[in-house]
Amino acid sequence: MDVLPHSNCENCEHFNADGLKKLGVDTTDFDYIVALAGNPNTGKSTVFNALTGLRQHTGNWPGKTVTRAEGAFQYNEKKYKLVDLPGTYSLLSTSEDEEVARNFILFGKPDVTVIVVDANRLERNLNLVLQILEITDKAVLCLNLMDEAKRNNIEINIRSLAKDLGIPVVPASARYKEGIPELIQTISDVASGKIICKPHRIKNIPKDIEEAVRILSDKIKKEFPNIPNSRWIAFRLLEGDNQIIEALESGVFV
């Protein structure tokens, strides 16, 4: 992994490196939306700050007590709005944090979802990763805290992990800016379609459930032609997910 060069301006809001311009809170006229997701304590905020130049800029989601943070960066003349989602362990919508994170990934239609995981606790983090990959086709795994993993003699086969998940995997140590240029380039490639993700999905579903999901999914697409991932929504409806039911009934998806 390459480390960005040290300089007196490294932490400035508009520090430029490898085509990156940190735009802070200026989220106007963006070309792409990037969601930042992950478990608590994975260094997600450090990644957010490394991309935007912000230290802390938060507010609340509309109608929620959950904190939100937004910022922006520019890369190769394209502007990216970065939305830092609440840290969660799942997307089952059993808490307000989970509901906010899930609804934004599903209904907010981010162009890329960056999933930040702790390289030291990868297995524990994979539950959320696989849930997100059931929702979106455009994701990047940021394998953060690689410096700690190295100290703990933890080795991860990056290529094998990327192949198994079906999405790009970028090793990083965000606190030291290691892997950040590679992460930015990968975000750009996924957003522009240069990289096509083929994420891992649940297979070997019983035939009766698969048929029920297909029928329900077709009805959802007919009623809501612009809704993303009708198949995933069909699964949630069959499970009796009240938040999804209420969203469909009200037509309010964000």
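Start by selecting Glu211 and Arg214: they form a salt bridge, with the closest N and O atoms 2.6 Å apart. A salt bridge here is a side-chain nitrogen of Lys or Arg within 4 Å of a carboxyl oxygen of Asp or Glu. Both residues sit in helix H7 (residues 207–223), and because they are three residues apart there, about one helical turn separates them. Helices are DSSP runs of H or I with at least four residues, strands are E runs of at least two, and both are numbered from the N terminus. Glu211 is partly exposed at 37% relative accessible area, and Arg214 is also partly exposed, at 41%. The cut-offs: buried is under 20% relative accessible area, exposed is over 50%, and partly exposed lies in between (1.4 Å probe, protein chains only).

Before you click further, some ground rules. This is a predicted model, where local features need pLDDT of at least 70 and side-chain atom pairs count only at pLDDT 80 or more, while totals for chains, interfaces and linings use all residues. Residues are numbered from 1 along each chain as its sequence is written, and side-chain values use heavy atoms, leaving out hydrogens and water.

Now colour by pLDDT, the predictor's confidence in each residue from 0 to 100. The chain mean is 83, and 85% of the residues reach 70 or more. Where is the lowest mean pLDDT among the elements of the chain, and where the highest? Strand S1 (residues 16–17) has the lowest, at 49, and strand S8 (residues 139–144) the highest, at 98. Select residues 1–15 too: pLDDT stays under 50 there, and the model gives this stretch 34 contacts beyond four places in sequence. A contact means heavy atoms within 4.5 Å.

Of the 254 residues, 51% are buried. Take the contacts with a separation of 6 or more: 69% of them are between residues 24 or more positions apart.

Back to the charged pairs, of which the structure holds 12 salt bridges. Select Lys81 and Glu70, whose closest N and O atoms are 3.7 Å apart in a salt bridge. This one links distant parts of the chain, with Lys81 in strand S6 (residues 78–84) and Glu70 in strand S5 (residues 67–75), 11 residues apart. Buried or exposed? Lys81 counts as buried at 16% relative accessibility, and Glu70 is buried at 17%.

Next, select Asp147 and Arg175, whose side chains meet in a salt bridge at 3.9 Å, N to O. Asp147 belongs to helix H4 (residues 146–151), and Arg175 lies 28 residues away in the loop between strand S9 (169–171) and helix H6 (180–192). Asp147 is buried at 12% relative accessible area, whereas Arg175 is partly exposed at 40%.

Last stop: helices H8 (residues 230–238) and H9 (residues 242–250), which pack at an angle of about 115° with their axes 8 Å apart. Those axes are lines fitted to C-alpha atoms over the stretch in contact, and the angle runs from 0 to 180 degrees between N-to-C directions. Which residues meet here? Show Trp232, Ile233, Arg236 and Leu237 in H8 against Ile244, Ile245 and Leu248 in H9. By class, that contact has six nonpolar, no polar and one charged residues. Nonpolar covers Ala, Val, Leu, Ile, Met, Phe, Trp, Tyr, Cys and Pro; charged covers Asp, Glu, Lys and Arg; the others, Gly among them, are polar.
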